[in-house]
Amino acid sequence: MNTVKTGSLFAVALVLLCAVCIPSETSDGDGGLSVTISSATFNSYDEMLTIAGTSSETYVNLIITGNGFVSARAQFFVTNDSYSGTISLKGLSAGEYTVTASVSEAVKAEKEFTVPESPNHISVTGVSLSHTALSMTINQSEVLTATVLPSDASDKTVTWSSDKPSVATISNGTITAVSVGEA
């Protein structure tokens with residue numbers, strides 16, 4: 001964890017903390033299922049969203065969306081009708097985002113929050129791959145290289161995943177054909 005000298009902590013907190021604290025609540029109308037978001041706070045310094053709320057269920061699904069994309073997903077367990085925790089949102093571009101807490105398709109609560117532009121943060125504008133298509137045989141492996149743009153982006157972390165792991169798996173850029181198909 002980064003350390004900040006005590007004298008500058010107050011100034012850093014004023015500049016970097018963006019909070020939303022108006023409760024949002026939805027229930028199913030029968031008094032059965034319910035969920036609220038009592039607070040959603042984004043801290044620009046460590047790029048974490050801290051969220052808290054209440055629910056009548058044993059878990060709450062959270063989805064963070066913004067700029068037309070799903071940015072993160074999480075699931076929090078509910079203890080004594082409340083939940084709280086943090087979600088890492090490293091590398092998130094500045095803009096307006098929505099966190100949605102749900103316990104069913106019909107029972108949801110939403111809260112908007114803003115990710116401010118950081119003076120030292122350089123957002124990722126694109127990722128290019130060394131190969132955009134491969135033909136492989138079963139058990140064959142190939143190495144993909146990802147180039148994050150711009151080259152001086154603040155967070156150049158690449159997360160690799162396969163949309164069909166039964167066809168092809170990928171780990172740290174090495175893709176392996178598992179069975180016949182397209183992935």
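These are my notebook entries on a predicted protein model.

**Ground rules.** I number residues from 1 along each chain as its sequence is written, and side-chain values use heavy atoms, with hydrogens and water left out.

**Confidence.** I looked up pLDDT, the predictor's confidence in each residue from 0 to 100. The protein averages 78, and 81% of the residues score at least 70. Residues 1–25 fall below 50; beyond near neighbours in sequence, that stretch has 42 contacts in the model. A contact means heavy atoms within 4.5 Å.

**Overall make-up.** I found 1 helix and 15 strands. Helices (H or I, at least four residues) and strands (E, at least two) are DSSP runs, numbered from the N terminus. Buried residues make up 28% of the 183 residues. I use buried for under 20% relative accessible area, exposed for over 50%, and partly exposed for in between (1.4 Å probe, protein chains only). Among contacts with a separation of 6 or more, 50% come from residues 24 or more positions apart.

I traced 4 strands in the order β7-β6-β9-β10, with antiparallel pairing. Two strands pair if DSSP finds at least two bridges between them. β7 (69–77) and β10 (108–115) stand at the edges; each has a single partner strand, so one side of each lacks a neighbour in the sheet. Neighbouring strands are turned by 20 degrees against each other on average, direction ignored. The axes are lines fitted to C-alpha atoms, for helices over the stretch in contact, and angles run from 0 to 180 degrees between N-to-C directions. I then checked β9 (residues 95–102), which pairs with β10 over 8 antiparallel bridges. Y97 stands opposite F113 in β10.

**I64.** I picked this residue in β6 (residues 59–66). I64 counts as buried because its relative accessibility is 0%. I64 and K111 are 47 residues apart in sequence, and their C-alpha atoms are 9.7 Å apart.

**Salt bridge.** My search of the whole structure gave 1 salt bridge, meaning a side-chain nitrogen of Lys or Arg within 4 Å of a carboxyl oxygen of Asp or Glu. The side chains of E105 and K108 form it, at 3.5 Å from N to O. E105 is exposed at 68% relative accessible area, whereas K108 is partly exposed at 32%.

Conventions
This is a predicted model: local features need pLDDT of at least 70, side-chain atom pairs count only at pLDDT 80 or more; totals for chains, interfaces and linings use all residues.
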